[in-house]
Amino acid sequence: MAAAADRAAKRRGTSGVSRLLESRHLGWAGLAVGLAAPFAIATPYAMNIMTSAVIFVMLAVGLNIVVGHCGLLDLGFAAFFAVGAYTSGLLATRLHWPLVATVPFVVIATVIAGIVIGGPTLRLRSDYLAIVTLGFGEIVRIVATNLEITGGPSGIYGIPGLFGDRVVDPVVFYYAALLIVAVAVLLAGRLGRSRLGRAWRFVREDEDAAEAMGVHTYRVKLAAYIAGAVWGGLAGVLFAAQLSAISPASFTFLQSALVLMAVVLGGMGSTPGVVLGAVVISLLPEMLRGLADYRFFVFGVLLIAMMIGRPQGLWPHRSRETARTAARSGGA
């Protein structure tokens, strides 16, 4: 009897924690923390780090659509990051536009890039898809390095801010980036819970079964790839606005690997988990800066330890069906 009571209490505790983690108020609490952060520390260095973390969240949420929701292993996601940054940078410097005015063209460019890259490759699966996307990521970087219009290895400099040449205070830019990314995260979460999001999950779990049930898997995968490309391109706009300069060195395979690491660490398919993973990946190296040359070694060891301790991710995804099953088992 005592053992049964202990098990029942443990299930009630687990269900209570699950309900807390699935609460919509946690998202607003996270946004409140982001809004309050400059009141705690607002030095230029701190604002630069926090802004970079916010942009990294945007990248991770975009890749989560591709990898987490649809199960497509993409090792070249930095290509879309580069397409967005270069499109906005070129239009802003050549036509003297504010970066906000370039956003529609960035969306068009990333959609075209998603179709061009994803169209011929998404019929592949597993390791073959990963290798091809890795190749496309490197192709985009090498093309940017060798084209004269993109500035070659030196890149593009003198990119105006989001709203023109007027100098924007780092705190103001941080708040603008935070609100933009918050809207993007909200939209990504809504998209994951939509009918298309359910189709993505079916393809991720069993592509053959999904196709047998009438899901047009190729179109569904292409839609995920294009959506992720748009999110990555918009992150590129924020990146160009933050640094006012871009170069091919910012869009290497390491960038794609770090974004993928954030998705896996946070919990694939879980929007709040991916946000948490992106914050950890972007801020942890800075927190370890006092260790000098050993900080990346410690960073790697901590990541390995976290993945061993939480292989499902820091905040794993729980579908409504899983939540209902857990609730019924807890009630039993």
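This short talk walks through one predicted protein model, from its overall make-up to a few individual residues.

Hi everyone, and thanks for coming. A word on ground rules. This is a predicted model, where local features need pLDDT of at least 70, side-chain atom pairs count only at pLDDT 80 or more, and totals for chains, interfaces and linings use all residues. Residues are numbered from 1 along each chain as its sequence is written, and side-chain values use heavy atoms, with hydrogens and water left out.

Let's start with confidence. The mean pLDDT of the protein is 84, and 87% of its residues reach 70 or more; pLDDT is the predictor's confidence in each residue, from 0 to 100. Residues 1–5 fall below 50, and beyond near neighbours in sequence this stretch has zero contacts in the model. A contact, by the way, means heavy atoms within 4.5 Å. Residues 12–18 also stay under 50, with one contact beyond four places in sequence.

Now the overall picture. The protein has 14 helices and two strands. These are DSSP runs numbered from the N terminus, with helices being H or I of at least four residues and strands being E of at least two. Of the 332 residues, 45% count as buried. Here buried means under 20% relative accessible area, exposed means over 50%, and partly exposed is in between, using a 1.4 Å probe and protein chains only. Among contacts with a separation of 6 or more, 77% are between residues 24 or more positions apart. The protein exposes about 17,100 Å², and carbon and sulfur atoms supply 69% of that. Those areas come from the Shrake-Rupley method with a 1.4 Å probe, and for residues only the protein chains shown count as cover.

L31 lies in helix α2, residues 25–40. Its C-alpha atom is separated by 7.4 Å from that of A182, 151 residues apart along the chain. Which residues does L31 contact, leaving aside its neighbours within four places in sequence? They are L178 and A182. L31 still counts as partly exposed, because its relative accessible area is 21%.

Next, helix α4, residues 78–95. This helix has 18 residues and reaches 25 Å from its first C-alpha to its last, close to the 26 Å expected at 1.5 Å a residue. The expected span is 1.5 Å times one less than the number of residues. Why is α4 described as largely enclosed by the rest of the structure? Because 15 of its 18 residues are buried.

Just after α4 comes H96, with a positive phi of about 60 degrees. H96 sits in the loop between α4 and α5, and at 68% relative accessibility it counts as exposed. S244 also has a phi near 60 degrees, a positive value in a residue other than glycine. You'll find S244 in the loop between α10 (217–243) and β2 (245–246), and at 32% relative accessible area S244 is partly exposed.

Moving on to charges. Side chains of opposite charge can pair when their charged atoms come close. The structure holds four salt bridges, each a side-chain nitrogen of Lys or Arg within 4 Å of a carboxyl oxygen of Asp or Glu. One of them joins E138 and R141, at 2.7 Å from N to O. Both residues lie in helix α6, residues 126–146, three residues apart, about one turn of the helix. An α-helix has 3.6 residues a turn, so residues three or four places apart point the same way. E138 is partly exposed at 24%, and R141 is partly exposed at 24% as well.

Another bridge links R204 and E205, at 3.0 Å from N to O. R204 is partly exposed at 28%, whereas E205 is exposed at 58%. R289 forms a salt bridge with E286, with the closest N and O atoms 3.0 Å apart. Here R289 has 40% relative accessibility and is partly exposed, and E286 is partly exposed at 23%.

Last stop, the surface. F105, I108, I112 and V116 make a nonpolar surface patch of about 380 Å². Patches are made of residues with over 30% relative accessible area and no salt bridge; like charges are joined within 9 Å, and nonpolar side chains (Val, Leu, Ile, Met, Phe, Trp, Tyr) within 5 Å. V116 is found in helix α5, residues 99–121, and V116 is exposed, with a relative accessible area of 52%.
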